[in-house]
Amino acid sequence: MRRPLLAVAFLTVAVAFAQQPGNLYPQPRIASIFPVGAKAGTTVDVTALGTDLEDATALVFTHPGIKGDLIPPPPEPPADPKKKDPPKKKTPPPTEAKFKVSVAADVPPGAYDVRVVNKYGVSNPRLFVVGDKLEVNEKEPNNDTAEAQKVELGTTINGIINNQVDVDYSSFAAKAGQRILIHCAASSIDSKLKPLVEVFAPDGKRLANARNYQDADALADVAIPADGEYLVRLTEFAHQAGSADHFYRLTIAAMPWIDAVYPPIVEPGKPANVTLFGRNLPGGKPVPGMTIDGRPIDSLAVTVTPPVQPGQTQFRRRVDPPTGLQDSFEHRLPGSNAIPLYVAGGPVTLEKDADNNKPEAAEAIAVPCELAGRIEKRYDRDWYSFTAKKDDKFTIELFADRIGSNMDGYLTIRNAANKQDIANEGTLDDDQESLHPQSFFSRNTDPVPFKFTAPADGTYQIMVGSRDANVNYGPRSFYRLRISAAKPDFRAVVMPRSRDIPTTVVARPDGEVAFDVFVQRLDGFTGIVTLTAEGLPAGVTAAPASIGTNQKWGTLVLSAAGTLPDAVAAIKVKATGTINGQPVVREARPASITWGVQSNQNTPTVTRLDQSLVVATRGDKAHFRIKPDLAAATIKKDGKDEKLPMPLVVKPGDKITVPVKVTWQDKDARPNPINVVLEPSQQNMQQAPVNVNNGQPMAIAKDKADANVVVDIRNNAVPGTYWIPLRGETTVKYAKDPMDKNKKDITVVAYAPPFEVKVIPTSLGKLSAQSPGNLKQGMTAEVTIRVERQYEFDGPFALKIDLPKEAAGVTVDASTIPPGASEVKVKFTAAKDAKLGNLNNIAVTATAKWDGQYDTKHETKFNLNVVK
């Protein structure tokens, strides 16, 4: 499941923010906010810790009801006239900034993104939680039982595990019979902490021991045996780490808690009746025989109406990559946690038979369908059966990990008649693919979608199982089983361009900056996705860009005018594709790296969805910009360079030479060459259908204004349109203080707006002819011309048949292979006095138009014998 993956990821990000690479242009980055939240209707002092935070001006939140005003540093003491040297100015360290945060009373409970704004731009986000309970900060010393911090029930403690051996004790008074929940939020609020929560009775007996309830969060559930003062002990599990990055929110209350909702999926646009499962649910009823972590639970029926449509998501919580690609919203009760629900592709069917754990007891279902089920008990497996006609096609897909279930699902699909597996758990297990291996690590434990084609009329069976059904079962082990015709679609994610550290996009005059855009392609969608930006700050533009045929990665480049005001703007990126001839628009989901990793380690970062996509503008000019000179592009033909007209249209195997020009804003600041590389469009660029310089950087010498890149169209390039984004990188001397003579080398980057290369096919099918052999004088005969279509081309093939001069008296009808067809019968007629003999190598030419304008020719030959 995903929890071990997240734990491994946190082990790889132990490097503190202050130890991040120092060779980058300054940009505010926050590692932690403390306290991590506040009660609605209150005001708190908040400290942000990170790097490059000097001269901060404000905090910005994703809810307008939360304001963050800078707390100015204390005034400088007056100069002492008796001292010759004036006192040194006391400036705040660049690693912290302090603010007064006010939360309006009407701000709904939940987690909201917060960022620091300063002279360098705007920071990466951290989560700030708005609660509905009393909030206090941890008070030291609290490292032993005698020093336990006393709080009343219904309190949230904001605290930090400062080092490996730090122990935080708190205590609360409770009465016999109360059911008290102690929740420690950690990974859910962007913390590195992996908490262990222990609860002790007044006599010292340990009543609860909790960790890893959801990812790294902990939840302890205690039935109070007697009136008294109870202790809570909080540590980092196994005492592995501790720092300011190991912050937490510890809530101690007799609060309602939602563990699960069933069904976890609902039909979009319609009210749905669902059942909540949890503890202390108001009006809830006990569920006999059902427990979670050994504790009894309640159920409560509620009605929810999805506020989202397919392609949309809404949230006020941390959402990681696998679940972030799903369409969802959340539900909560007054005083409770939030629980996500997911949007199905149509009406939802519920598992009806609790005893369907054997093939002979398979539950019959009608397909297509969206089915919700559960692994109800230990070692449970769910069998279903459906009928299909020969050649019926369905996509069969199981969702569990991706919708927050704690089951590790797998599938078996078999023919009920002969009991032979069509696909089994050996192939229908963990999906190893990730949308990006570092920046957006979406790998999950759900099986890969299976393309099912019925081999014959009959009944087929599906078994849903879980690898860990011996320990994980019950209301949190739910799943979604989708059986439907393929529904081509896509989702898009947009991130500030980074592979290893948290960052944002800051545009500067006369320069270009970039976002990564990743496209998840669903059910065979391979089309072009066009990117546009909305709400850009003044002076910033984005030329429409695209992600090419079947590509998953793309680059959206923003260009800045010659002057820019200081501004921070929330923008939107829209992704548009064409599906079944109709435009489909999806808003790209913002995301960013939460915790980085060391560079060039191919290690996944800890990443999540953001609640907004933010761009800052600042007035200091960009160092340089690069631009491809497409008008001067050439192509090699017959050993010679020929100018390639616009637009750039090529075929597999071609190579294009494109000059790239560089413009420096400060020519005196250019000490080193500029390396120009292609921004990756897939994980292994050596296998990319279109590459630049064979994946190697092209250097523009420091005394040159341009250099050539070679765009290589590989022989395996699928016909379609590809976009080529280039990145230029070099180092310059820099110091934050312009008067500082000890300048250091920093890396600066520029991007060129992607340019378009259209690859047209050399072939759209394989042509063949089947001759009847003989054609009798005075008779007709039919020759079958067949085409094995390629690249999903479904247009017509116009046929031209050249009869040899020996074919006197033989004529042939004009023919075309119709759109979508694979063959046509061509009629040949021989006059009564047609010349007898063999007609060898009769040439057939089939012409098809790719993209409605580019002719593609195909040839084959056959023999025909004219006889009496």
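## A salt-bridge tour

Start by selecting Lys390 and Asp391: they form a salt bridge, with their closest N and O atoms 3.7 Å apart. What you are looking at is a predicted model. Asp391 is partly exposed, at 44% relative accessibility. Why would two such side chains pair up at all? Side chains of opposite charge can do so when their charged atoms come close.

Now zoom out to the whole protein chain. You'll see two helices and 70 strands, with the C-alpha atoms filling a box of roughly 120 × 80 × 40 Å along the principal axes. Of the 868 residues, 54% are buried.

Next, select Arg279 and Asp221. Here the closest N and O atoms of the salt bridge are 2.7 Å apart. Arg279 sits in strand 22 (residues 272–279) and Asp221 in strand 17 (residues 218–223), so this pair ties together parts 58 residues apart in sequence. Buried or exposed? Arg279 is buried, at 2% relative accessible area, and Asp221 is buried too, at 8%.

Then jump to Arg115 and Asp610, another salt bridge, with 3.8 Å between the closest N and O atoms. Arg115 lies in strand 7 (residues 110–118), while Asp610 is in the loop between strand 49 (606–609) and strand 50 (613–617), so the pair links parts that are 495 residues apart in sequence. Arg115 counts as buried at 4% relative accessibility, and Asp610 counts as buried at 4% as well.

To keep exploring, note that the structure holds 55 salt bridges.

Methods
Residues are numbered from 1 along each chain as its sequence is written. Side-chain values use heavy atoms; hydrogens and water are left out. Helices (H or I, at least four residues) and strands (E, at least two) are DSSP runs, numbered from the N terminus. Buried means under 20% relative accessible area, exposed over 50%, partly exposed in between (1.4 Å probe, protein chains only). A salt bridge is a side-chain nitrogen of Lys or Arg within 4 Å of a carboxyl oxygen of Asp or Glu.
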